[in-house]
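Work through these exercises with the model open beside you. Try each task before you read its solution.

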Amino acid sequence: LGDKLQSIFDSLKGKGKLSEKDVELAMKEIRMALLEADVNYKVVKDFVKDIKERATGQEVMESLTPGQMVIKIVNEELTSLMGEKEVKLNISSKSPTVILMCGLQGAGKTTHCGKLAFHLLKKKKKPLLVACDIYRPAAIKQLQVVSKAVGCDFFEMGDKVSAVDIAKNGIEYARKNGNDYVIIDTAGRLHIDESLMDELVNIKKEVNPDDILLVVDAMTGQDAVNVAEKFNENLEITGVVLTKLDGDTRGGAALSIRKVTNKPIKFIGTGEKMENLEPFYPDRMASRILGMGDVLSLIEKAENVIDAKRAKELEEKIRSQSYSFNDYLEQLEQMKNMGPLEDLLSMIPGVNKNMLKGINIDEKDIARVEAIIRSMTYEEREKPEIIDVSRKKRIAEGSGVSQAKVNTLLKQFRETKKMMKQFTNLEKTAKKRGKMK
Ligand code: GDP
Ligand code: MG
């Protein structure tokens, strides 16, 4: 903990229970935040009412203000409303697993068919994309381009055959062709209409999908509720893909949709590229919707005093020069627990992905460093100076990198420690001078 933070916390102790007035005051701000995030106004109203009842009378944690305490409760409640943890794709006991994609026009269905295929290919699966959008000109071609781009199989029957028949034939084709996943791309409309729903219902009856994923544009805002409600009523969706979360949208639609359908959001789309697909983490979405990243991290820090202690210990180690590769590895682990770095940074309110473009965080580099350290023995990690040529060779082979890479890491580590030593010395000198005055 930084000294500044510590002093803030120190000044805020012993607050007793949350009064009605405390809660009222904090909820004003939270209500605004939720509406700004484009959470449906009815959902906001219910939510605020629930929280008021729940929060009043609760004990305020030692290190928090009443306002922060309310935010903490809100954040927890938001997280639990959105499902606590990520929900994966369903898997059929009998191959192929069938995924039906549905949603309004322009929501991102076709793009996300490709992204899901890409996601499955990375897991060594063999997906087939089936083109059932026979209405929009060039829709079939678009899906074909997408499947080429990710390198997966593709099935079409032109636009003269009914979507239901294409879906059915697509699955037969998948069986023969050895595809373990079938992803069906369907047509959308600008607005929900009956013929669209009928067609989807018929496809559902015919192919009995394991997952029916509703694709929703996060920027749909208030209207997301109606869309989700209608699709869920007619099709009984099994999950949601929330797209276009790469912009400034705070993603209030996530909460609205979850509240009215009670179906999990399984993925989020964060860009036009095929790799821009991420699992949905309710806790991250909660803080994104609240848009109070700085307050939440304060709260988290207050809760993680143990981690803070550990950080202090590491700092001591660095200063005393006993910092080793084992400590380094532990820090890498901690970083990984927090999820992708870029995501973490972009969750801070006011920071968007564009601002992070200049900052190059290569997670592959980190993975490589980790692999090298893991190939060292415990002793080598503690005393890197014993790593001679033959040990280097073994480590390089063990981690699948060149010896040059091992050398680079060792050199960097040495230099970092040297630098730290200089720092510490400088500090000591400065302190001595200070005392002499
Ligand atoms: P469909 O009509 O539902 O099939 O929608 P498309 O897949 O054709 O997507 C419509 C537009 O949205 C295209 O220009 C896509 O590139 C774009 N798009 C899709 N998903 C995302 C996303 O996650 N982020 C951004 N920025 N654009 C997206
Ligand atoms: Mg499409």
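**Exercise 1.** Which strands does helix α5 lie across, and at about what angle does α5 run to β4?

Solution. This is a predicted model, in which local features need pLDDT of at least 70 and side-chain atom pairs count only at pLDDT 80 or more, while totals for chains, interfaces and linings use all residues. Residues are numbered from 1 along each chain as its sequence is written, and chains are lettered from A and ligands numbered from 1 in the order in which they are written.
Find α5 at residues 109-122. Helices (H or I, at least four residues) and strands (E, at least two) are DSSP runs, numbered from the N terminus. Helix α5 lies across β1 (97-102), β2 (127-131), β4 (181-185), β5, β6, β7 (265-269) and β8. Contact needs C-beta atoms, placed from the backbone, within 7 Å. Helix α5 runs at about 170° to β4. Axes are lines fitted to C-alpha atoms, for helices over the stretch in contact, and angles run from 0 to 180 degrees between N-to-C directions.

**Exercise 2.** In what order do the eight strands form the open sheet?

Solution. The order is β3-β2-β4-β1-β5-β6-β7-β8, with mixed pairing. Two strands pair if DSSP finds at least two bridges between them. Now look at the edges. β3 (153-155) and β8 (277-279) each have a single partner strand, so one side of each lacks a neighbour in the sheet. Then take one pair. β5 (residues 211-217) and β6 (residues 239-243) pair in the parallel sense over five bridges. In this pair, D217 stands opposite T243 in β6.

**Exercise 3.** Which residues come nearest to ligand 1?

Solution. There are 18 residues around ligand 1. Each has its C-beta atom, placed from the backbone, within 6 Å of the ligand. G108, K109, T110, T111 and G269 come nearest. Helix α5 gives the most to this shell, with three residues.

**Exercise 4.** At roughly what angle do the axes of α4 and α11 cross?

Solution. Take α4 (residues 66-81) and α11 (residues 282-290). Their axes come within 8 Å and cross at roughly 130°. The two helices are therefore oblique to each other (angles under 35 degrees count as roughly parallel, over 145 as roughly antiparallel, 65 to 115 as roughly perpendicular and the rest as oblique). V74, N75, L78 and T79 of α4 make the contact with P282, D283, A286, S287, I289 and L290 of α11.

**Exercise 5.** Which residues does a cis peptide bond join?

Solution. Most peptide bonds are trans. Here S95 and P96 are joined by a cis bond, with omega about 0°. P96 lies in the loop between α4 and β1.

Note on methods
Two residues are in contact if their C-beta atoms, placed from the backbone, lie within 7 Å.
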